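Happy to go through this one with you. Let's ask what lies behind each label.

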Amino acid sequence: LVPEINLRIFDLATLNVISRAILENFLVFYYIFVDSQNKDEEDFRYYTYRLSGFIERKNYPIESPQGKRILENEKKIIDELLNKLEKNRYYIELNHDYKKKLLEWGEWRFKGWSQIALSAGLNHSNSNAFYKFLCGYSHSGSLSLQQNHQTVRKEEKVKLFNGTLSLLKIAISNMIISYCTYFPKALKYYLENINQKHLVKLWIDVGRMEMKDIEVDWSKLDT
């Protein structure tokens with residue numbers, strides 16, 4: 001809503017870009033804190049995740065004195081993280097190519113987003129096709145532009161966004177359970193105080209169902 005000129009905007013592209021970020025936030029948390037098989041692997045993924053940000057910034061062409069001071073201070077943090085990693089068996093066993101990607105370019109994930117989504121329990125459609133659909137909006141893909149041109153009226157845009165909205169409900173429901181899995185106090189609060197637990201379970205179940213297993217009467221849907 002832009003009240004100054006009495007204008008209402010339904011920005012489908014921005015909604016899809018934000019939705020992709022929300023999905024990836026869940027996947028990062030799941031990959032580090034839930035998918036890890038033991039404390040050593042959790043530490044490895046957490047330390048490499050933290051290290052990646054400092055490595056990325058180190059590679060930026062920074063010229064300002066303030067920026068250079070920040071980089072100088074962050075060298076100590078990088079050294080501390082590397083010192084922890086060098087004692088971690090998952091880092092020790094990491095092959096040379098992966099270490100090079102981590103230390104030179106800050107590549108910290110050794111699974112793609114789609115693989116992590118599948119591990120988290122999302123179905124193949126949401127993990128692959130739908131995620132790529134959202135990426136098209138983030139990277140200004142041609143398909144995203146075509147869809148914006150093809151959906152002129154707000155009703156059309158809302159209908160197109162319904163699929164993304166469902167994926168958001170699936171991601172947020174899974175994030176609630178993942179968070180509660182990692183933090184016992186959160187789980188206790190969730191079990192004792194949240195009345196809509198059935199909705200969380202519903203959307204998790206929906207996210208796990210493969211499209212081929214869902215019967216749809218296409219004749220009842222608008223064309």
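Q: What is the mean pLDDT of the protein?
A: The mean pLDDT (the predictor's confidence in each residue, from 0 to 100) is 88, and 93% of the residues reach 70 or more. This is a predicted model, where local features need pLDDT of at least 70 and side-chain atom pairs count only at 80 or more, while totals for chains, interfaces and linings use all residues. Residues are numbered from 1 along each chain as its sequence is written, and side-chain values use heavy atoms, leaving out hydrogens and water.

Q: Why is Asp35 called buried?
A: Buried means under 20% relative accessible area (1.4 Å probe, protein chains only). Asp35 has 11%, so the label buried applies. Asp35 sits in the loop between helix H1 (12-34) and helix H2 (39-58).

Q: What makes the link between the side chains of Asp35 and Arg45 a polar contact?
A: A polar contact is a pair of N or O atoms within 3.5 Å; within protein, one must be able to donate a hydrogen and the other to accept it, and residues adjacent in sequence count only if both atoms are side-chain atoms. The Asp35 and Arg45 side chains are joined at 3.0 Å. The side chain of Asp35 also makes a polar contact with that of Lys111, at 3.2 Å.

Conventions. Helix = DSSP H or I, 4+ residues; strand = E, 2+ residues; numbered from the N terminus. Buried < 20%, exposed > 50% of the residue type's maximum accessible area, 1.4 Å probe, protein only.
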